[in-house]
Amino acid sequence: MSGHEFQSFFPDSGEVDMSDTSTNIDETTMAELRELAGRYPRARSALLPMLHLVQSVDGRVSPAGVEACAEVLGITTAQVSGVATFYTMYRRRPGGTHHVGVCTTALCAVMGGDALLDSVSDKLGIHPDETTPDGRFSLERIECNAACDFAPVMMVNWEFMDNMTPARAEKLIDDLADGKEVTSTRGATITSWREAERVLAGFPDGRADEGPSAGEASLLGKSIAEANSWTAPNPEDLK
Amino acid sequence: MSVVTKPADQVAPVDLITVTIDGTEVQVPKGTLAIRAAEMIGIAIPRFCDHPLLDPVGACRQCMVEVPDMGNGRGMPKPQASCTLECAPGMQIKTQLSSAVAEKAQKGMLEFLLINHPLDCPICDKGGECPLQNQALANGRGESRYEGRKRTFPKPVAISAEILLDRERCVLCARCTRFSEQISGDPFIALVERGALQQVGIYAENPYDSYFSGNVVQICPVGALTSVAYRFQSRPFDLVSTMVTCEHCAAGCSLRTDQRHFQVKRRLAGELPEVNEEWNCDKGRFAFVSGRGDDRLTRPLIREDGALRVASWPEAIDAAVAGLAAAGSRVGVLTGGRLTVEDAYGYSKFARAVLGTNSIDFRSRPTGADEAAFLATRVAGRTLADAVTYADLETVGHVVLVGFEPEEESPLVFLRLRKAVRKKNLTVTAIAAFTTNGNAKLNATLVPTVPGEEAAALRALDLAAGDVILVGERAALAPGALAAVAEVADATGARLAWVPRRAGDRGALEAGCLPGLLPGGRPLADTTARVDVAAAWDLANLPASEGLEATAMLAAAAAGELQALVVAGIEPSDFADAEAVRAGLEKVGFLVSLENRLSEVTERADVVFPVALIEEHAGTFLNWEHRHGRVNTVIKQSNAPMTDLRVLAALADGLGRPLGVRTPAQALAELTELGTWQAPAAASKKAAKKAAAKAAKPPKAVDGEVRVKLSTWRQLIDGGRGQDGEEALAATAKPSVARVSPALAAELGVAEGDQVAVSGGSGWYSLPVAITPGMVEGTVWVPTNSPGTPLGELGVVFGDEVALSLGGEE
Amino acid sequence: MTDTLTPVLSANWGTEESWTLEAYRAAGGYEAVGKALKMTPGEVTDLVKDSGLRGRGGAGFPTGMKWSFVPKDNPNPKYLVVNADESEPGTCKDMPLLLASPHTLVEGMIIASYAIDCHTAFVYIRGEVLHVIRRMQQAVAEAYDAGYLGTNILGSGYDLDIIVHAGAGAYICGEETALLDSLEGRRGQPRLRPPFPAVAGLYASPTVINNVESIASVPAIVKNGAAWFGSMGTEKSKGMTLYSLSGHVNRPGQFEAPLGITLRELLELSGGVRAGHELKFWTPGGSSTPILTAEHLDVPLDYEGMGGVGSMLGTKALQVFDETTSVVRTTLRWVEFYKHESCGKCTPCREGSWWLVQLLKSFEAGTAQDGDVDKLLDICDNMGGKSFCALADGAVACVTSAVRHFRDEFEAGYTTPAWEAFPYGRSALFEVNEKVEVHA
């Protein structure tokens, strides 16, 4: 019941999707790519952020995006392709308006993540790594997202959705589908995957002040300490 | 694969440390990897990713050893990959031979490598010479413990027109990707994906078009990379291997030629650390089928009633002897660049001792006024001992390129320069019109130079004693450039080396295939030299009258001043003016051609002798370093058993003045016996000065809209006839373009890819424009010999003025 | 005797707009940086050395010593890279820290950079945590505006730039040399050592790579002194640290305590294992640390204590599983993680994890063959200690420790599917409609 089919034949691996050469990359994007390259002591360091920017513009790592990065950085397209296919956040096919991740690494899986993925998959009518035909949702089976004390965990556009249940997931998806305002449990108002990718590229969206300081689980130890008047030693006492 | 990185004699004993491997003490240079140290005492540790010429990577983990003592009394808790483990003084290393831990680690690794490896050895090109197969046979389990599903991919994938990839077979050793990045600097292949899906890949729009791509097939430790040319052609154990020296350029690569049923199936880079290490270029590797076409000559031809007909050997020899006897000494000899030293020597002696003429020239290309003098004083008669060598390129600090584009014109010189740049902090300066891709890979500093102005550019450089000037044959076309090279070298203590393009050029020079130069670099003008040679040849004297250079010979032939020509392998379009060559060949009274294949020369010849292909005879090539490279006979069942030398000997016999040599061994022995000329130092300087004064060549005037200077060289893979028949190789050629600066493009009103017409004295043709930032103004670059449009047809050479205009046919 | 819990790093979490410069300063933030800039860089390094702070990313290498390895005479620029790639399964401490108090890290980075003569520092944050990255980006921008970053910081003449860098999904980038390759815009695959990053790291220049929590601990050490830090914890495992409790416990969460607290104490604080259930197995520091059982409840959670019972302190990520949990299933899911995250560079990790997953699937499905437990262990033996980096060691550790403690459960896999022996729905936190599983 791991839910993972063991895949052993990889017909489409090895490169980005060369069958779709469409692109929205324009001079503005090129200027932003060059700006990113200029932020680092050595330009190639900007490649990961640049690929995030390509995704925010083209909804995937497009052939034009690979070529643009290679051109700006003066490296070969094969080198860019090697990087673009290494990291799981880079998509070969267009992601949905909202990119939904369900953690199924051991702890989340055991605590309900597997069942949660099944229910989300049923709800959206797609399997992991697919995008709904209307382009609104894409689904991904994600690995541990550093929120284990909030398990089972989902992510929407890489915002935390903590302590999920199938019922909460269903409402979340309905709300997103209906265009209602949805807020991350430990983050901002949900925007879109492509807007999120732009922030990851290094262009802030001004939403850092939204959301709480910390989740309840994060504060557990601190609140217990406060209740018991436990503190770190007073340095004055050591003198 | 070579197993030792450096001969022990190159390492100072002070750097030696002692380690113990399987109980045997061995002294190794500091920094030696454990896997190399083991090799030194005959212990072979299995490996796949390790390659002595690539940076260590430690990826395959096959070469695990146990280290019970690091040299400080403490052992390493885990087994170590011996390919990344540097020996330390006192270190104890236990290989699979003495350590159960190492043995189990290695067996386990082999099992891992095999779980996803296909069971297709019976149809795999590598089967029979496959390190993985060998390992599996020697150390693998009889039966697999793996009951899972094997990883599969669509196969094969063409990563270039020439190279195919079977990802299922790949063990991900990254030798190919490291080669492409580290050695040749063409990272058009890369590791892509990750984890169990990791694979070698290209970006579909940019195939692995590297001049060195064949090397990755050779170093692949499995059958993952194969060549279109050799795929499914043979089993390794059915091949007969012969070591030869490559005939395609003056780099002098050692090659292993593999034949089966008297047909060459493949060529591999030979191991020659002093020259090509373990690499070669794709032209040398794949271009060996040009002699297999319908145009191969197998029987002599003679002209009868205006048409060539097949003749018997005696008949053809009689006809040639009659024609040459009638011409007396009014004969010219054009030898071309394909000859071995021995054959070239045969022509030289045939011309001077048999025909009685000094009109002999090996240069089937544009030549410069001061070139012959430069070659006589600065190149001929030298030996390896006093020459710049490949090894020197790794030890000097600065190399200047004059009229020389290493990656295109001498690819192994390029690789060695790149190695020195990467590993030894060599700096390279290129006197050229623009920074080529090849020079960019050398981090070369460009001295932007309009063609023809090389002399001034060189004089303006700040050179130090010990620097090296590599000068290409094109430099002869720049007024005063060769003189400047000589002068700058003398003034600064820099060393110079002439790097010709063709494999036979350096040897032809040594053999005396220049009008003013007798064998061994002896000046014809020097009486002592003439007497020496005449004595060696058992003659009373040698003809002393000045001979004609190639272009002059052809002009004289056209004018009826020469009665006959004896021609080896030349192509009219290789010369500055193809039409003038054709005119000479047409109008000469009597034309004898010694050729492999039908050509423009055989078409016009009165007698045609078929001569052996390079694979059918033995001999020697002298490379640019003046190093002798042996050519052994590969195919012993020949269609045309006669070599140039034997034909010449037969003709000489017929003329009543025996040549005295008829085998390569005799020719080489005689040339060696003659030795080289010891020129008085003062004489050479004087000659160079004299030559410099002669230089200066007015540009031709041509009509056109924008007049610019022409920069040009031959691209490695181009329209050369030696590459005929190998279509996959041809498909990897660089596109033919006309390069102009952005400003010139604007002046012409052309955008990238637009057609531009290039007009010379005797024609024009059009090419797509490649706008090249940083290119010197007032200059256009086009390839010298792109397929179908050799520059000789335009009648212009490097440094001439040409006219550019918009448009022209596609 | 220190208190059971000692919030220092987490002291300001949950306060009003704790992530802002203003709130951070109001809580005493950026006092340490002023103090540090008045010391010599060597004094700062010595102070951190004296404190006994050890790396909080898993390996536990002394932080101050790492700094002191940076060669002073190397002409290249020096770099500080903060590893915020937190991806080890179970580990969830750095992300809440950065979310709630990014300025703690910024302040720590300024001090650490000053100590090693670095003028360009990087935070490499895993890409899948958008809001954490937002907060970090804003904190760095605020710090520039306030003169804590940029040129002539606080009039000291010291200059520093910080670059916030988002990763793109690769656990292996938590390995420090893979992180460096990734930060150079390459595939995140580990590098050969030597040369070590302290000598030739980022851009082949001297580089210090530290975990978020390690660097975030520095301001408090500078402010309160080495002795203060050392007054918490044990002799060899000094100071306070963040323990992350997750899984089948009543109240999961973060607990900042002196090193050496036990799981029993932490379980007591969090209300114990969920009602009606009992502890079956747990990880002390993420999935790469060998699992432990109820018999280890009283072993101190410090470097020595965990090492003493054949495990490791790791990231102090305590994942707790109760008796409903199938060890086989859990192990399979961890190994699937390692297979997914293997970079592919070396054979044993790439091929071994591929094989292990298939073999463990047969155990889960009850179709393993008699003797396969030994085959499983032998494959682990062929992987462990043979791979290029420690990723495969982590993959192996969860398998071998699981077999060590629960061999019977694996042997049951010769006949019985794990989901029959341990109906999976019972481990979930919510009602699950059990499906009939069909396995190939």
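Reply: Two residues are taken to be in contact if their C-beta atoms, placed from the backbone, lie within 7 Å. The model is predicted.

Me: How many residues does chain A give to the contact with chain C?
Reply: Both sides of the contact are counted separately. Chain C brings 95 residues. The number from chain A is 75 residues.

Me: Which element gives the most to the side of chain C that touches chain A?
Reply: By class, that side of chain C has 41 nonpolar, 37 polar and 17 charged residues. The element that gives the most spans residues 327-341 of chain C and supplies 9 residues. That element is helix 14.

Me: Which element of chain C provides the largest share of the side that touches chain B?
Reply: The contact takes 23 residues from chain C and 26 residues from chain B. Helix 14, helix 15 (347-364) and helix 16 (372-383) of chain C are the elements that give two or more residues to this side. The largest share, 8 residues, comes from helix 15.

Me: How do the residues of that side of chain C divide by class?
Reply: The side in question is the one of chain C that touches chain B. Its residues divide into 7 nonpolar, 9 polar and 7 charged.

Me: What percentage of the residues in chain B is buried?
Reply: Chain B has 25 helices and 37 strands. Of its 810 residues, the buried ones make up 60%.

Notes: Residues numbered from 1 in each chain as written. Chains lettered and ligands numbered in written order. Predicted model: local features only at pLDDT ≥ 70, side-chain atom pairs only at ≥ 80, totals over all residues. Helix = DSSP H or I, 4+ residues; strand = E, 2+ residues; numbered from the N terminus. Nonpolar A, V, L, I, M, F, W, Y, C, P; charged D, E, K, R; others polar. Buried ≥ 20, exposed ≤ 12 C-beta atoms within 10 Å, placed from the backbone.
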